[in-house]
Amino acid sequence: MRLTGDYHTHSKYSRNNHGKNTIAEMVATAEQKGLSSYGISDHGPAHLLFGIRRKNIDKAKNEIESLKKETKLNLFFGIEANLIKKDGSIDLSEQEIEKLDLLLVGYHRGTVTNFYSKIRNLFKPKKQKQINTQAYINCLNKYHVDILTHINEYIRVDVEAVARAAKERGTLIELNNKHIRFNAQEAEGLKRSGCKFIISSDAHKKEDIARVDRAMEFVQKYSIDPERIVNIDKLYK
Ligand SMILES: [Zn+2]
Ligand SMILES: [Zn+2]
């Protein structure tokens, strides 16, 4: 199986040296690695340390728009927005979302929000899991999310319930090479849900683009049907 596109990668716009390379360097490497599609999706602006600065959203978009004219890759401008509230809100305005080719949403530590403070229900893990699950479902109902990144990482959710909601809304569930936290039961839940998957490297430096060995191992371990993964070439053995 061969990866056709890698849509979740970070550039220097993920601040404080979190992303190591410029957009141009990342795109050149994606091309060298033989992908046909490629996306940059830096951290959303509410992340205190790593988030893209709001004023740089247009700048990043313009860089990608001009690279689109030079490369044979199908290039996508995305942001990995932060899920910030129990009601499913993310850290991008409607106008900012309109600028994107792809909207990715994930939950991250280091985002100061009322969701973050209320969600830490340490002595009631079951209740917390319900709140988390509902936050994701609310988010899917509120926005047209293309990809949910690394669900069940950092905060626990009912994986099957989130995946079912994603299926209904046409949102892809990510199998993230760096953050893949599903036990056997949860993996079965993902399979039962009928959702579609996308595999991502979550590269923060150019060398890691298209590096998806761990995600592929997961696919094999749990016999996930390749037909349900949108970004692999099934004919390629
Ligand atoms: Zn990151
Ligand atoms: Zn992430």
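**Helix packing and the sheet: a quick briefing**

The axes of helix 6 (residues 159-169) and helix 7 (residues 184-193) come within 8 Å of each other and cross at roughly 25°. Please keep in mind that this is a predicted model. Angles under 35 degrees count as roughly parallel, so helix 6 and helix 7 are roughly parallel to each other. Below is a short tour of this helix pair and then of the sheet.

**Helix 6 with helix 7**

- The crossing in which helix 6 passes helix 7 is right-handed.
- On the helix 6 side, the contact is made by Val159, Glu160, Ala163, Arg164 and Lys167.
- Helix 7 contributes Glu186, Gly189, Leu190, Arg192 and Ser193 to this contact.
- Sorted by class, the contact of helix 6 with helix 7 holds 5 charged, 3 nonpolar and 2 polar residues.

**The sheet**

- Strands of a sheet pair through backbone hydrogen bonds, in either a parallel or an antiparallel way.
- Here, 7 strands form an open sheet with parallel pairing, in the order 2-3-4-5-6-7-8.
- Strand 2 (5-6) and strand 8 (197-200) are the edge strands, and each of them pairs on one side only.
- Within the sheet, strand 6 (residues 147-148) pairs with strand 7 (residues 172-176) in the parallel sense, over 2 bridges.
- If you want to find this pairing on screen, look for Ile147, whose bridge partner in strand 7 is Leu172.

**A helix on the sheet**

- Helix 1 (residues 23-32) packs on the sheet, where it touches strand 2, strand 3 (37-43) and strand 4 (74-82).
- The direction of helix 1 makes about 150° with that of strand 3.

Terms used. Residues are numbered from 1 along each chain as its sequence is written. Chains are lettered from A and ligands numbered from 1 in the order in which they are written. This is a predicted model: local features need pLDDT of at least 70, side-chain atom pairs count only at pLDDT 80 or more; totals for chains, interfaces and linings use all residues. Axes are lines fitted to C-alpha atoms, for helices over the stretch in contact, and angles run from 0 to 180 degrees between N-to-C directions. Helices (H or I, at least four residues) and strands (E, at least two) are DSSP runs, numbered from the N terminus. Angles under 35 degrees count as roughly parallel, over 145 as roughly antiparallel, 65 to 115 as roughly perpendicular and the rest as oblique. A crossing is left-handed if the near helix is turned anticlockwise from the far one by less than a right angle, and right-handed if clockwise. Two residues are in contact if their C-beta atoms, placed from the backbone, lie within 7 Å. Ala, Val, Leu, Ile, Met, Phe, Trp, Tyr, Cys and Pro count as nonpolar, Asp, Glu, Lys and Arg as charged, and the others, Gly among them, as polar. Two strands pair if DSSP finds at least two bridges between them.
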